[in-house]
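Thank you all for coming.

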Amino acid sequence: MGVVNVTPDSFSDGGRLTCAQAAIDHALKLREDGADILDVGGESTRPGAAPVPVDEEMRRVLPVIEALAVRGCCVSVDTNKPEVMRAAITVGVAMVNDVTALQAPGALDVVAASGAAVCLMHMRGEPQTMQEAPVYDDVVEEVEAFLQARVAACEAAGIARDRLVVDPGFGFGKTLAHNLTLLSRLGHLTGSGVPVLVGMSRKSMLGALTGCPVDRREYAGVAAHLAAVARGARLLRVHDVAAMRDALAVWNAVEEQHDGT
Ligand code: HH2
């Protein structure tokens, strides 16, 4: 999954794709680089980010989604607003990627009434304050319990299990230690049968581990995402698609060769 942020303030690429044509060109390049899904977002969720009004978010994402869908791309919309979800589904998204796991009033119904897939992500708190002092008794158990509850809520609302993807939400109300615990024990989530998506691309956990600024975290991101694949992750949300594609080509070739000895 390639990241297409149509925002002025995203943490790693804000302001680079604020006009629709630049975002469309970038997304098409990501597809050429090997992305199977293009994730279009119009509101940053970085720690401290300011909320964006519905109209403005729609103005940012809808022309981009429509242009990509018309070209046959598989597009997801990164939003937590039911109004944006509904409009994005109308212009052709195949998936709703919601960092609040369809908890907004009406969100479950909007997705249930469509055929779209959905990514349910765990976040502790809200972007404005989520990194202040996140505390868990057992981060893996708590994230797993939350995601299971959201899967159950989706099923109860009529969204079949085979339309669901879950995501532990790296960096969303989590310290470096929480993120590393979740990554190292990702097998607890991938064992549930619902495909797991992970997104660590360029995030501060990689900066903390390497000392690299946000524009030099590509290698660290590849390593982190391969660690997730080794533990069963099925979808990777990344900015640097070409690097990830090459790493996966090598990884998959080795896995296919492996005869269990
Ligand atoms: N991370 C970000 C945004 N959306 N969605 C899912 N499912 N998982 C993630 O880990 C995730 C996400 C944050 O990254 P980015 O979009 O690059 O930054 P910003 O929120 O500042 O636009």
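Predicted model: local features only at pLDDT ≥ 70, side-chain atom pairs only at ≥ 80, totals over all residues.

Let me start with Val70, which counts as exposed because its relative accessibility is 69%, where exposed means over 50% relative accessible area, buried means under 20%, and partly exposed lies in between, with a 1.4 Å probe and protein chains only. This valine lies in helix α2, helices being DSSP runs of H or I with at least four residues and strands being runs of E with at least two, numbered from the N terminus. Val70 and Val91 are 21 residues apart in sequence, and their C-alpha atoms are 8.8 Å apart in space.

Residues are numbered from 1 along each chain as its sequence is written, and side-chain values use heavy atoms, with hydrogens and water left out.

Now to helix α1, residues 20-33, whose 14 residues should span 20 Å at 1.5 Å a residue, and this agrees with its end C-alpha atoms, which are 20 Å apart; the expected span is 1.5 Å times one less than the number of residues. Which residues of α1 are buried? They are Ala23, Ile24, Ala27, Leu30 and Asp33, and they pack against β1 (2-5), β2 (38-41), α2 (54-70) and α10 (241-257), with contact meaning heavy atoms within 4.5 Å. Just after α1 comes Gly34, with a positive phi of about 125 degrees.

In soluble globular proteins, nonpolar side chains tend to be buried together.

Finally, the ligand. Asp78 has a polar side-chain atom 2.9 Å from a nitrogen atom of the ligand, and Lys203 has one 2.7 Å from a ligand oxygen atom, a polar contact being a pair of N or O atoms within 3.5 Å. On its own the ligand has 480 Å² of accessible area, and the protein covers 98% of that, with areas taken from the Shrake-Rupley method and a 1.4 Å probe.

Methods:
Polar contact = N/O pair within 3.5 Å; in protein donor to acceptor, adjacent residues only side chain to side chain.
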